[in-house]
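Me: I would like a close look at a single part of this model. Please keep it brisk and stay with the geometry.

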Amino acid sequence: MKKKAFTSLMSLAIASGLILGGCSSKSSSDDGNKSSGDKTVVKMMHLWPEGSSNAQYTIVDDIIKAYEDENPTVDIQTEILGNEQYKEKIKVLSASNELPDVGITWAAGYMKPFVDGNKFTPLDDIVKKDQFVAGTLDAFSVDDSAYALPLELNITPVYYNKEIFEKYNLDAPKTYDEFLNVVKTLVDNGVTPVTLGNKDRWTGSMWYMYLADRIGGPETLNNAINRSGSFEDPALVKAAEELANLVDMGAFVKGFNGLSNDEAKGYFMNEQAAMYLMATWELPNYTTSPDVAQEFKDKVGYFKFPTYEGGKGDIDSYVGGPGVGLFVSEESKVKDEAKKFVSYLVEEWGKRSVTDAGVIPATVVDTSNGDLDQMYIDILNDLGSATNLTLYADVQMSAAVADVHLNQIQALFGGQSTPEEFTKTQEEALAAEK
């Protein structure tokens, strides 16, 4: 991903008044891609269940209904899974050449094995390059061909409960020392400082990434991954030490390594934890979702991950980047129709996600006439002034190395791996693939 071009062009677009940016299913037919009404069936899998991701679910559901109304000979059949269940099932379906016609993928290293295995079809024939925020399409391209179209653009703030902070005379921290004071004060008063669902592992990785960024600067972790540097860089060891210290302080909810992200989120939503670090795909819960009480929304604020004294990173550097994108299976028997649907969905998502859900799209959308929540506007301003966006570490890595990284994240949080073992194990896994 071309981060410098990405952030500079994003700033320009925002300054110009543009925003950059369980399982359920419809019943499937056993007769290939033909339903009983002899319609063309396009099978889609996505990861926004109605219960946990209502805003995104509703947008996709509405777009599907509109597409079917405009194309009465097409039947879009959906299978919907939670994030981790989706990741597991897509692996199984890929191995058996049974991918859905349309599905969700992450960018860069996650996507590349599917492309190398000829599982995703190129989408260059439906790409409108000026439709997307600069840099977002690059993250879903291999050898200059797009193999998925991006839907989201995210940064990762720390959400916090303003009422809890006020009760203990706490301000949103700007420095890491201030953050540690917040954690200590909350622990001393019997309040859970941070909720974290580290059963999913990538959630803990974001905490590590921020500490690595703030201590070593934005290039240190990236260089370790791209092999121009080492994972045993002193800054990366120090980041692991700080993370272990947070665990020892009692910063995270009890049982964090056994909680999924959805389970952990409940602690914040139910006001049982003061802070929650998560990407801006969570914005609907604090802005537009009709299923969340306005009384709670009014209590939620956010802050940028604090700066570290003597560190090389700055407060406007973010963990983030393009979220998920849409692929079309190379094996699809209805490839042309699937591509038409993907093109339609991406365009409509860009129009509706802003005003209907407060989700930041990867497409450029004019929202000058929109009535937007203040938190959404503030996040967009932050995007405009971002100095760096570091793509999630596990997405940058190959699947095998990402698994080592995520397992080590869980081991570090759980005390089964020391900071030195944590970095050494990852360096060995990366070096082995060089």
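Me: Take strand 10, residues 158-161. Which way do its side chains point, and are they buried or exposed? Which strands does strand 10 pair with, and in what sense? Then go on to helix 7 and the positive phi values.

Reply: A caution to begin with: this is a predicted model.

Start with the side chains. V158 and Y160 point one way from strand 10. Y159 and N161 point the other way. All four of these residues are buried. In a regular strand, side chains alternate between the two faces of the sheet.

Now the partners. Strand 10 pairs with strand 12, residues 273-277, in the antiparallel sense. Three bridges make up that pairing. Within it, V158 stands opposite L277 of strand 12. Strand 10 is also joined to strand 13, residues 300-303. Here there are four bridges, and the two strands again run antiparallel. Y160 has G301 as its bridge partner in strand 13.

Strand 9 covers residues 153-155, and L153 belongs to it. L153 has 0% relative accessibility, so it counts as buried.

Next, helix 7. It spans residues 202-216, which is 15 residues. From first C-alpha to last it reaches 20 Å. That is close to the 21 Å expected at 1.5 Å a residue. Buried residues account for 15 of the 15 in helix 7, so the helix is largely enclosed by the rest of the structure.

R201 lies in the loop between strand 11 (192-194) and helix 7. Its phi is near 70°, and R201 is not a glycine. R201 is at 18% relative accessibility, and the cut-off for buried is under 20%, so it counts as buried. Just after helix 7 comes G217, with a positive phi of about 90°.

Conventions: Residues are numbered from 1 along each chain as its sequence is written. This is a predicted model: local features need pLDDT of at least 70, side-chain atom pairs count only at pLDDT 80 or more; totals for chains, interfaces and linings use all residues. Side-chain values use heavy atoms; hydrogens and water are left out. Buried means under 20% relative accessible area, exposed over 50%, partly exposed in between (1.4 Å probe, protein chains only). Two strands pair if DSSP finds at least two bridges between them. The expected span of a helix is 1.5 Å times one less than its number of residues.
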